[in-house]
Amino acid sequence: WCAVQGKRWLARLGVDVDAPVREAWRGHLERNGPLALDAIAAMKSAADARGVAFAVTVYPFLAPPEANAFTQVDDYVITACAAMGVPCIPLRDAYPAGDALYERWSSIWDSHPDGVGHRLAAAWLAPRLLELLASR
């Protein structure tokens, strides 16, 4: 929590402390991204063979954009799913913007969603899944 708050403060001062992290993720995605795409394609193929609907959801890191070094990973998956024709539902819009994201952390040490955060995601996701099923 302190690191994220420090990163946000530095970002407001124009310091990009996440540049090395983003660069590391960029390299990781170049090297290993195709493995994720292969996994998504394999799951889609298995679902199609069984007549089961398949979609991907992208759960965001619960931090404002200036403190989130993982958005390029989310964007990579969202773009890849679109290219493969796999429905993809980003869950970022299920959550409030700005500092309110930190209120959804399960603890000050754990950025995974708390119970309210999971309910927000479920409420956002359910109607979109119903739309996907209705379009089948």
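Predicted model: local features only at pLDDT ≥ 70, side-chain atom pairs only at ≥ 80, totals over all residues.
Asp48 and Lys44 meet through their side chains in a salt bridge, at 2.7 Å from N to O; the term denotes a side-chain nitrogen of Lys or Arg within 4 Å of a carboxyl oxygen of Asp or Glu. These two residues are 4 residues apart in helix H2, so about one helical turn separates them. Helices here (H or I, at least four residues) are DSSP runs, numbered from the N terminus. Asp48 is partly exposed at 45% relative accessibility, and Lys44 is also partly exposed, at 23%. By definition, buried means under 20% relative accessible area, exposed means over 50%, and partly exposed lies in between, with a 1.4 Å probe and protein chains only.

Residues are numbered from 1 along each chain as its sequence is written, and side-chain values use heavy atoms, leaving out hydrogens and water.

How many salt bridges does a search of the whole structure find? The search finds 4.

Let us turn to a network. Salt bridges link Glu23, Arg26 and Glu30. Glu23 pairs with Arg26, their closest N and O atoms lying 2.3 Å apart. Both residues belong to helix H2, which spans residues 19-50, and they are 3 residues apart, about one turn of the helix. Arg26 also forms a salt bridge with Glu30, again with closest N and O atoms 2.3 Å apart. Arg26 and Glu30 are 4 residues apart in helix H2, and therefore about one helical turn separates them.

Are these residues buried or exposed? Glu23 is partly exposed at 42%, Arg26 is partly exposed at 34%, and Glu30 is exposed at 55%.
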